[in-house]
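Please work through the exercises below with the sequence and the model at hand, and try each task before reading its solution.

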Amino acid sequence: MDKDVRKEVTKLQELTYELKVEDAMTREVVTVTPQTTMAEFREILRTHRISGTPVLEDGRLAGIVSIEDLIKALANGEIGVAVGEKMTHSVKTLYTDEPLVHVVGQFARFGFGRFPVVNRHRELVGIITQGDIVRALLRELEIDYQEEEIHRYRASHIFEDIVADETALVFGYHVAGKDFSAAGEASSSLKTTLSRLGIAPPVIRRVAVATYEAEINIVIYTDGGEIVAEVQPDQIRIEAIDGGPGIPDIEQAMQPGFSTAPEWVREMGFGAGMGLNNIQACADVMKLDSNVGVGTHLDIIIYLDERGRA
Amino acid sequence: MKLRGIAAALDLVVRAAPDKLDTEVTGGYASDLLSCVLAKAQKGNLWITLQAHPNIVAVASLLELAGIVVTEGRELDPGTVEKATEKGVPIFTTPHATFTIVSELAKLGVAGVD
């Protein structure tokens with residue numbers, strides 16, 4: 001599947017493709033035989049708190065009977081008759097290895113409350129209701145959530161586990177020039193990473209805003225560049241490096257409201273001449289070097305210890 | 001007040017992330033300049049803007065805003081809804097002007113943040 005298509009698939013949809021009937025079905029199936037009476041069937045529904053069962057004859061699936069059949073029988077005063085007379089004979093079944101996305105479609109199409117599940121030898125191995133599907137999806141989402149927690153835990157303890165006089169984690173991101181569709185991806189990825197490292201949210205906000213502004217500058221003005229974040233136990237250093245065109249007058253560029261952005265970029269709400277000021281406001285230390293025709297090198301530090309603000 | 005209640009009261013059209021409407025809105029911020037939003041808007045704020053391109057989603061996601069209201073009946077750019085769905089950022093549209101929406105929000109008790 002290509003990347004853009006995959007992006008459109010939400011987590012839940014993804015799960016309905018990944019999970020199979022056997023991951024969601026109930027394996028202990030309550031069954032009745034054609035000889036069971038509707039009165040006995042009523043008691044079975046009540047005891048097990050279910051709304052229907054498959055009907056087995058000599059171990060083979062002969063039909064399916066539901067609470068609706070029971071209501072009809074009650075209305076007709078036929079509570080004493082055998083299930084065999086009231087059941088649905090042609091049973092729609094599902095296979096254990098069908099993806100849930102197909103099953104969801106079957107529930108919508110037929111409006112049935114349950115489907116018996118058979119293996120490839122047509123033996124009854126389970127039963128599935130819409131409730132089973134919801135439970136399976138919730139269970140899976142819970143697992144995903146726990147995995148994210150484990151990621152977080154492992155990552156946030158990494159500095160304690162490393163034995164060295166100096167430790168630094170370095171993350172590099174490529175930023176494509178003139179490509180507004182991918183603008184913000186580097187900052188967003190860095191933000192996720194820092195959050196997993198257990199960095200305090202106010203610090204993450206400052207890093208995210210500064211990095212986003214730097215990233216947008218690379219997108220608007222250059223043909224591309226790199227953002228490198230170096231995380232140490234006491235500080236985060238972010239460098240944004242591009243290959244030109246360079247800034248002729250840095251002092252002027254730092255003036256709030258000064259911008260050389262083209263009109264169409266301004267119409268998008270960028271290029272208001274505040275990007276560098278925002279970066280400065282977020283950084284504890286900021287250094288900006290630029291050579292026309294060579295490129296620009298932005299270097300900022302945000303402290304994590306008592307030297308910082310958060 | 002929750003996002004869901006605000007959307008109902010102001011008759012906003014939900015365009016993305018309808019599953020994320022139980023967020024408590026911590027305040028509001030209105031601007032069409034992205035740098036202003038980056039500097040001022042706080043986590044959980046509702047952002048009112050005329051901008052309709054996909055980059056508003058990146059800004060809202062970075063700042064963990066509650067959602068974005070795009071005003072003046074401005075149609076969303078192709079890709080904005082897709083990106084907002086991916087990032088889980090609720091986006092609403094309304095035919096009303098920014099000022100009208102802001103004054104209605106104020107009546108509901110949603111305050112400015114600066």
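**Exercise 1.** Determine the handedness with which H10(A) and H11(A) cross, and describe their contact.

Solution. The crossing of H10(A) and H11(A) is right-handed, a crossing being right-handed if the near helix is turned clockwise from the far one by less than a right angle, and left-handed if anticlockwise. The axes of the two helices come within 9 Å and cross at roughly 160 degrees, which makes H10(A) roughly antiparallel to H11(A) (angles over 145 degrees count as roughly antiparallel; axes are lines fitted to C-alpha atoms, for helices over the stretch in contact, and angles run from 0 to 180 degrees between N-to-C directions). Residues of H10(A), including Leu190(A) and Leu194(A), meet residues of H11(A), among them Ile204(A) and Val207(A); contact here requires C-beta atoms, placed from the backbone, within 7 Å. The residues of this contact divide into 7 nonpolar, 3 polar and 2 charged, where Ala, Val, Leu, Ile, Met, Phe, Trp, Tyr, Cys and Pro count as nonpolar, Asp, Glu, Lys and Arg as charged, and the others, Gly among them, as polar.

The model is predicted, with local features needing pLDDT of at least 70 and side-chain atom pairs pLDDT 80 or more, while totals for chains, interfaces and linings use all residues. Residues are numbered from 1 along each chain as its sequence is written, and chains are lettered from A and ligands numbered from 1 in the order in which they are written.

**Exercise 2.** Find the sheet strands that H10(A) and H11(A) lie against.

Solution. The open sheet has 5 strands in the order E6-E7-E8-E10-E9 of chain A, with antiparallel pairing (two strands pair if DSSP finds at least two bridges between them). E6(A) and E7(A) pair over 8 bridges, with Ala176(A) opposite Gly224(A). H10(A) lies across E6 and E7 of chain A, running at about 160 degrees to E6(A), whereas H11(A) touches E6, E7, E8 and E10 of chain A, its direction making about 5 degrees with that of E8(A).

Conventions:
Helices (H or I, at least four residues) and strands (E, at least two) are DSSP runs, numbered from the N terminus. Two residues are in contact if their C-beta atoms, placed from the backbone, lie within 7 Å. Angles under 35 degrees count as roughly parallel, over 145 as roughly antiparallel, 65 to 115 as roughly perpendicular and the rest as oblique.
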